[in-house]
Amino acid sequence: MATFSLLVTANPYSSQGQFSAIEFARTLLEQGHNLLRVFFYADGVLVASRLHAPPADEINLTKSWAKLAIEKDIELIACVTAANKRGIVNASEAERNALTGDNLDPAFEISGLGQLTEAMLESDRVITFG
Amino acid sequence: MNSLYIINNPQKLSEALPFIGENDGILLIEDAVVLATSDSAQTHCKNQFALEEDLIARGVKDKSQASWELVDYPRFVELTLTFDKSITWL
Amino acid sequence: MSKSICIVFNKAPYGSQAGRELLDIALMAAAFDMPITAIFTGQGVYQLINNQQPDILNIKNHSATFKALPLYDIEQILVDQNALHQFNLSQNDLLGIDELQYVSADVIKSRIANSDFVLTL
């Protein structure tokens with residue numbers, strides 16, 4: 001049994017990378033491996049918004065990640081710098097930047113790039129989906 | 001150490017190729033799977049894989065060349081453990 | 001023994017922010033004392049051009065941070081010689097960083113092979 005982390009940089013609804021990452025995550029968990037953390041960076045952070053409204057017959061990627069996180073106790077972390085500049089904010093960042101609202105999905109956390117480095121040091125494998 | 005090079009964009013294989021050793025692996029995923037359907041994408045690498053789900057999704061599985069071994073997601077996960085590390089060449 | 005990492009810059013600046021965001025990963029890994037090699041290949045060699053003025057586009061100039069890499073203990077900086085030739089660039093076109101090593105693809109290949117992690121963005 002191995003410990004994985006994922007680095008996801010793909011723009012959620014412009015490219016396939018987030019779909020690939022979710023499928024990879026599900027598969028490794030089915031095989032009994034550990035998934036320590038999914039770290040979202042660059043355009044990948046956009047998936048952490050709870051305000052996505054895809055058409056009813058299409059997958060909601062945020063909810064797919066959230067389901068995985070809740071059922072399997074996986075950390076979903078969006079990089080604070082990448083997220084804030086792309087308009088993904090939690091309540092405290094919204095207050096700090098005097099914004100009118102926050103939009104982080106409750107299944108996700110906002111944290112620093114150090115969480116990616118730590119994931120590298122603590123995982124057997126880190127796989128990037130961009 | 002042997003690496004699994006994950007390629008998701010067909011234009012990126014030629015860019016990564018100078019750094020890929022013959023005992024490394026190449027795994028084509030997403031749009032890059034079309035390379036597995038073409039005679040022209042031959043490499044010096046002994047371990048060539050293409051993600052079956054991505055070929056089926058694009059309707060081109062039956063056009064894939066024998067030189068590319070088709071793998072599904074469970075094999076994808078196994079490959080990342082068979083090789084010492086994975087490098088997604090974006 | 002800490003895990004080692006190669007950070008591969010393979011995209012030109014300003015059309016995308018990949019270079020800048022990759023640089024942030026490099027600096028963070030340095031703060032964790034990971035042995036780091038910065039590699040510039042393909043269009044990534046344009047990241048090191050010495051006369052960048054993205055301020056005329058109102059885009060922040062991150063190239064000064066490349067000059068500061070040695071201050072962050074990132075002293076292994078490999079530049080792909082083939083890429084320089086391919087784009088008709090010479091060493092004089094690049095930032096004056098003493099630590100730049102102009103190397104063949106084979107040198108980069110073996111460095112990548114011997115690292116625990118390799119990131120592109």
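## Chain B and its two partners

Across the interface of chain C and chain B there are 8 residue pairs in polar contact, both residues at pLDDT 80 or more. This is a predicted model, and chain B also touches chain A, where 18 residues of chain A are in contact with 19 residues of chain B.

**Chain C against chain B**

- The contact draws 17 residues from chain C and 14 residues from chain B, and about 1200 Å² is buried between the two chains, 60% of it on carbon and sulfur atoms.
- On the chain C side, C:Lys109, C:Ile112 and C:Thr120 lose the most area to chain B, together 35% of what that side buries.
- Salt bridges between chain C and chain B number 0.
- Two elements of chain C, α4 (105-113) and β5 (117-119), each supply at least two residues of the side that touches chain B; α4(C) gives the most, with 5 residues.
- Sorted by class, that side of chain C holds 8 nonpolar, 5 polar and 4 charged residues.

**Chain A against chain B**

- Chain A and chain B bury about 1400 Å² between them, with 60% of it on carbon and sulfur atoms.
- A:Gln16, A:Phe24 and A:Arg125 supply 35% of the area that chain A buries against chain B, more than any other three residues.
- Here the count is 0 salt bridges, alongside 9 residue pairs in polar contact, both residues at pLDDT 80 or more.
- The elements giving two or more residues to the chain A side are α1 (17-30) and β5 (125-129) of chain A, and the largest share, 6 residues, comes from α1(A).
- By class, the side of chain A that touches chain B has 7 nonpolar, 9 polar and 2 charged residues.

**The sheet of chain C and its helices**

- In chain C, 5 strands form an open sheet in the order β4-β3-β2-β1-β5, with parallel pairing.
- β4 (100-103) and β5 of chain C are the edge strands, each pairing on one side only, and the twist averages 25° from one strand to the next.
- Strand β1 (residues 5-9) of chain C runs parallel to β5(C) and is joined to it by 3 bridges; C:Cys6 has C:Val118 as its bridge partner in β5(C).
- Helix α1 (residues 18-31) of chain C lies across β1, β2 (36-40) and β5 of chain C, at about 165° to β1(C).
- α4(C) lies across β1, β2, β3 (76-80), β4 and β5 of chain C, running at about 135° to β3(C).

Technical notes
Residues are numbered from 1 along each chain as its sequence is written. Chains are lettered from A and ligands numbered from 1 in the order in which they are written. This is a predicted model: local features need pLDDT of at least 70, side-chain atom pairs count only at pLDDT 80 or more; totals for chains, interfaces and linings use all residues. Side-chain values use heavy atoms; hydrogens and water are left out. Contact means heavy atoms within 4.5 Å. Buried area is the accessible area (1.4 Å probe) that two parts lose on being put together, summed over both. A salt bridge is a side-chain nitrogen of Lys or Arg within 4 Å of a carboxyl oxygen of Asp or Glu. A polar contact is a pair of N or O atoms within 3.5 Å; within protein, one must be able to donate a hydrogen and the other to accept it, and residues adjacent in sequence count only if both atoms are side-chain atoms. Helices (H or I, at least four residues) and strands (E, at least two) are DSSP runs, numbered from the N terminus. Ala, Val, Leu, Ile, Met, Phe, Trp, Tyr, Cys and Pro count as nonpolar, Asp, Glu, Lys and Arg as charged, and the others, Gly among them, as polar. Two strands pair if DSSP finds at least two bridges between them. Axes are lines fitted to C-alpha atoms, for helices over the stretch in contact, and angles run from 0 to 180 degrees between N-to-C directions.
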